[in-house]
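Before you read the points below, please have the sequence and the model open side by side.

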Amino acid sequence: MTTPASSPPVLVLFRDDFRLTDNPALHAACATGQPVLCVAVQDEVFKPEGVIGWWMGQACTALATALARRGGSLLVPQGETLPVVCDLVKTTGASQVFWNRRYDPAGRETDTTLKSVLTEQGVTVHSLAARLLHEPWTVRTGAGQPYRIFTAWWRAARELGEPALPLPAPAEIRFAPVPEPYSTATTPSALHAPDLPADATLAAQYWPCSENAAQTALDEFLETALVHYETDRDRPDREGTSGLSPYLRAGLISARQVWHAARKAEARSGDHLNTEKFLSELGWRDFAWMQLFYEPDMPTRNLRPEFDQMAWQNDAEAFQIWKDGCTGYPLVDAGMRELRATGTMHNRVRMVVASFLTKHLLTDWRKGERWFYERLVDADPAMNAMNWQWCAGTGIDASPWFRIFNPVGQSEKFDPSGAYIRTWVPELAALPDKLIHTPWKLDATLARHLKFVPGSTYPHPVVDLKQARAIALERYKTLKPAG
Ligand SMILES: Cc1cc2nc3c(=O)[nH]c(=O)nc-3n(C[C@H](O)[C@H](O)[C@H](O)COP(=O)(O)OP(=O)(O)OC[C@H]3O[C@@H](n4cnc5c(N)ncnc54)[C@H](O)[C@@H]3O)c2cc1C
């Protein structure tokens, strides 16, 4: 399609979809044949604090670099989305705005208002589906209600058939010139993303940020680990999972790309079992977003109201000890230190540390949820909240409160030789495999030989597991069913 050089641009807003491939908003904008102005507004929603803020900034820069390679740029104006976009529309004379839909409460509210204001001004808004396999309202019970149980939701989702095929990156992007008043608002100089916390020493090295890096992570996983996924996904001492969650979070890759690539790998290997298990994890991601869509206060409210009566201990010192990875339980401490240094933690270990905080330390899950949100490079409002409520037993399809993970048993089962613990708790590195899970059982002679001083080289356990478990079960018994 050819259009006059002076034709007004169309705007594409990027928020959590910093990619060229399978980006329906960008694709549709390019298909108009009009010049395209790529914009990422630095509002509060886009620029959260903590490690995730740094990561979103990295993703934004990566997109700007990819656009620059094609001769364009990314505009990153500061301010609230509504006035900034309205001003851009006025300044450029744009008659169409494109974006991919968001499902978090703040994002939805902003986008609903923006759409109605722009529509009133005669601007056509195109919002498209990009983030999930299935949008939250598309999978419903026969009675038209949202599902509350994952297995039933997943069955119904599968009946909708395979998700749409991913779109290719646009063959050509005809860039609009950056409007004069915004000439200094391009990346990287105009981007004000938070720095990494000083103690996140390994995050930048762990997480190269680009669409290519996401694709490489996917390819490597499909080639080497998918065929062992069912068993190895629970092993923090192995490279058993995809490592894709930060890339999915910033939209450097889409769930549909991952889904269809896994299907292709399945066709090559014939391995149905492991592929299905992996795809169902992508299903959990959708399920979390479906929950947040219908329960927008999921990050702050017990979805089982009887837990409003829970007498949490909320001991500030114990919470700090947990955050610092000094509980005296090696698997818990390894996970908490991995989180601080790298911005990630293995899923199995996330479950163990969350159970330990809420049940053994009787600390309100919301405190743990906030700490994770501050430190995770994949911090996601839906997945973090759903999983914390799952671990604490307060969620709608959750592990029951009385299922209390024993951090020693979990450690012996999933990190049998202690390789994961040795990586993150180096002061335990010399301990024999058998004792690395229970350093307090080291006898005096061996301790002397290893120059290991219990309580000094490594802390004594912060609580007695048996006693703490009994208290947790007692507290649970006092909850009365919500009326
Ligand atoms: C307490 C707690 C908090 C969590 N907070 C987050 C969070 O903020 N952000 C986040 O992305 N994940 C969160 N998870 C889920 C999970 O731990 C991570 O998605 C996973 O560790 C990412 O590693 P991976 O990409 O290698 O996963 P893989 O095993 O390779 O799984 C592939 C993808 O499936 C999805 N997935 C996997 N497990 C889950 C799950 N339990 N729930 C929903 N989706 C899942 C993710 O998108 C993941 O990238 C949390 C889990 C727990 C127990």
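1. Two strands count as paired if DSSP finds at least two bridges between them, and helices (H or I, at least four residues) and strands (E, at least two) are DSSP runs, numbered from the N terminus. On that basis, an open sheet of five strands has the order β3-β2-β1-β4-β5, with parallel pairing. Because β3 (74-75) and β5 (124-128) stand at the edges and each has a single partner strand, one side of each is left without a neighbour in the sheet.

2. As to provenance, this is a predicted model, in which local features need pLDDT of at least 70 and side-chain atom pairs count only at pLDDT 80 or more, while totals for chains, interfaces and linings use all residues. Residues are numbered from 1 along each chain as its sequence is written, and side-chain values use heavy atoms, with hydrogens and water left out.

3. Within the sheet, β1 (residues 10-13) and β4 (residues 96-100) run parallel and are joined by four bridges, and Leu13 has Trp99 in β4 as its bridge partner. Helix α4 (residues 105-120) packs on the sheet and touches β1, β4 and β5 (contact means heavy atoms within 4.5 Å). The direction of α4 makes about 165 degrees with that of β4, where axes are lines fitted to C-alpha atoms, for helices over the stretch in contact, and angles run from 0 to 180 degrees between N-to-C directions.

4. The domain assignment, whose bounds come from an automatic or database source, gives domain 1 (1-131), domain 2 (132-164 + 209-294) and domain 3 (305-477). The contact between domain 1 and domain 3 takes six residues from domain 1 and seven residues from domain 3, and the C-alpha centres of these two domains lie 41 Å apart.

5. How much area is buried between domain 1 and domain 3? The value is about 500 Å², of which carbon and sulfur atoms give 65%; buried area is the accessible area (1.4 Å probe) that two parts lose on being put together, summed over both. In domain 1, Val51, Ile52 and Trp55 lose the most area to domain 3, together 71% of what that side buries.

6. A salt bridge is a side-chain nitrogen of Lys or Arg within 4 Å of a carboxyl oxygen of Asp or Glu, and a search of the whole structure finds 27 of them. Asp199 pairs in this way with Arg340, the closest N and O atoms being 2.7 Å apart. This pair links distant parts of the chain, 141 residues apart, with Asp199 in the loop between α5 (150-159) and α6 (203-206) and Arg340 in helix α13 (residues 330-342).
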